[in-house]
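Q: I'm new to this structure. Please take a close look at how its parts pack together, and then at the spaces between them.

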Amino acid sequence: MLAVATYTDPRPTSLAIEREKALKNKHLQLIRTLQDSGFEVLDINKELGKYEILEKGGNFGIDSMEESIKAASIASSKGASGVIFGLWHWTESNLITAFVREANMPILLYADDDPAWAGSTCITSVGASLWESAVNEYALRHSRLKGDTEKVKSWARAVEAVKKLSRSKIVLFGSPYTLGMEHLMDDIPRIKRLIGDFLMLDQYLIIKNAENIEDDIVESFYSWLISKTNVEFDGKMLTPESLKRQIRLYLATKRLINENIVGVSIKCQPELSEVYGTTACFIPAFLPFPLDGEGEKPVIPATCEGDIKGTISSSVLYLLSGKPPLFGDIKYVDDNIVIIANCGASSLYYAKLSEDPEENLRATTLRGQCQGKSGAALGYRTPPATFTIARLIRRGGRYYLLYFLGEGVEIGEDIENKLLWGKQWPHTAIKNPLNKELFITVMGANHLSAVPGDYREEIKFIARLWGIKAVNLNDRIDVKTFLEEL
């Protein structure tokens with residue numbers, strides 16, 4: 001929920017009635033624009049009774065210190081994710097400062113492009129005062145926009161995502177780091193300023209619960225899977241028995257997750273893939289997918305190898321877009337393309353990018369894995385689309401949010417014929433926003449997350465809200481600056 005609060009000039013001036021009516025109309029128009037895009041809006045001026053006050057000849061905008069502090073209390077008590085200040089005309093800056101001090105939440109200073117009123121004067125005055133007073137982190141990292149409601153919506157999506165993350169949990173089944181990859185680790189107490197909590201659970205819980213899944217449930221899921229996808233048994237890696245073991249691992253994991261989980265990562269290697277003897281590929285395939293053998297289900301971002309920052313990256317993209325996020329390895333890079341291919345499975349949504357789950361399933365082929373002792377890889381080739389790709393990284397203890405807009409590339413025979421290792425995995429190809437040398441040099445992980453659509457503005461706002469630097473790989477100056485900080 002977003003709060004909208006419009007302020008006004010406390011001084012008695014000319015054109016006061018015309019001004020207040022204009023402020024009311026602009027306030028309502030902004031609220032309707034947000035509501036039409038699906039946002040829940042808390043009308044602070046309505047809560048303060050300002051509509052009735054205007055009818056009696058008073059000001060519609062908030063115009064006193066007492067009102068501003070009360071407005072902040074309302075926004076806080078009702079759980080607003082952030083507040084948009086309607087600064088359509090002049091107000092006294094310290095009224096906003098009082099609100100921000102009282103209600104410690106993300107803030108956006110906004111006015112339209114109407115030259116009839118002094119919105120530009122107000123935004124610059126209030127913004128400068130917030131920087132000067134620095135009453136909290138949000139005062140320092142506030143955002144300012146003028147006449148661009150699409151960017152207002154981007155800010156709103158970012159704020160809602162940040163609030164959700166701060167109140168949710170990520171589950172890590174099996175502690176990192178996997179295969180000696182130190183970048184999959186993190187400072188858990190420190191990163192809790194971004195994420196509500198982390199649940200560190202042993203993979204034995206999955207194995208033990210898998211043993212207790214009823215046989216008829218597994219058989220039903222197995223029959224459903226055989227009928228909906230393409231399964232190529234090989235009598236060695238992929239057999240009916242190993243497939244049912246994978247189903248059990250997935251169903252056990254699904255039953256260990258509650259509704260307040262915003263992301264899951266499975267370590268898998270080597271405890272499940274080698275010791276238990278079956279890869280856990282159904283977890284990253286079906287958790288971030290709206291359908292499985294038991295029916296419709298919530299989408300939950302899922303990653304492999306206990307990748308903490310990768311899980312956060314996937315969760316961010318899901319909360320911004322509402323789409324199942326893709327997660328995978330940077331398998332190949334040249335000057336033209338980047339191929340993302342996870343080691344056995346990614347969200348099955350990317351098999352066709354269809355809103356009909358069964359169409360995605362029909363484009364999925366299960367073949368024997370090329371690693372581990374047994375199990376299926378769930379393979380497909382993602383059709384071309386426009387994707388937002390993102391990755392939270394840490395360098396020298398400092399966090400960065402890498403991102404870029406990627407144009408999908410058809411995986412034709414010219415690419416397909418060159419694949420060997422992991423050919424049965426899911427593959428997604430995108431145009432390289434840089435060249436191979438720069439891309440590899442700037443990358444702070446071997447994993448990337450992606451969703452269809454353009455969410456670059458939202459990513460920039462999230463980085464600002466978190467107090468970290470966003471690095472746009474579509475912008476070579478951004479990349480150069482990042483690399484020169486070394």
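A: Helices (H or I, at least four residues) and strands (E, at least two) are DSSP runs, numbered from the N terminus. The model is predicted, with local features needing pLDDT of at least 70 and side-chain atom pairs pLDDT 80 or more, while totals for chains, interfaces and linings use all residues. Residues are numbered from 1 along each chain as its sequence is written, and side-chain values use heavy atoms, leaving out hydrogens and water.

Look at helix 10 (residues 204–211) and helix 12 (residues 240–255): their axes lie 8 Å apart, at an angle of about 110°. Helix 10 is therefore roughly perpendicular to helix 12, a label for angles of 65 to 115 degrees. Where they meet, helix 10 brings I206, N209, A210 and E211, and helix 12 brings R248, L249, A252 and T253; contact means heavy atoms within 4.5 Å. The residues of this contact divide into 4 nonpolar, 2 polar and 2 charged. Here Ala, Val, Leu, Ile, Met, Phe, Trp, Tyr, Cys and Pro count as nonpolar, Asp, Glu, Lys and Arg as charged, and the others, Gly among them, as polar.

Now turn to helix 5 (residues 93–102), which is largely enclosed by the rest of the structure because 7 of its 10 residues are buried (under 20% relative accessible area, 1.4 Å probe, protein chains only). Those buried residues are S93, L95, I96, T97, A98, F99 and V100. They pack against helix 4 (65–77), strand 3 (82–86), strand 4 (107–111), helix 6 (119–133) and helix 7 (137–140).

Finally, the open space. A pocket is an open set of points on a 1 Å grid over the protein atoms alone, with protein on both sides within 12 Å along at least five of seven lines; lining residues have an atom within 4 Å of a point. The largest pocket has 19 lining residues, with P106, Y138, V162, K163 and S166 nearest its centre. Two or more lining residues come from each of helix 4, helix 7, helix 8 (149–166) and helix 19 (456–466), and helix 8 gives the largest share, 4 residues.

How values were computed. Buried means under 20% relative accessible area, exposed over 50%, partly exposed in between (1.4 Å probe, protein chains only). On a 1 Å grid over the protein atoms alone, a cavity is a set of points where a 1.4 Å probe fits but cannot get out, and a pocket is an open set with protein on both sides within 12 Å along at least five of seven lines; lining residues have an atom within 4 Å of a point. Axes are lines fitted to C-alpha atoms, for helices over the stretch in contact, and angles run from 0 to 180 degrees between N-to-C directions. Angles under 35 degrees count as roughly parallel, over 145 as roughly antiparallel, 65 to 115 as roughly perpendicular and the rest as oblique.
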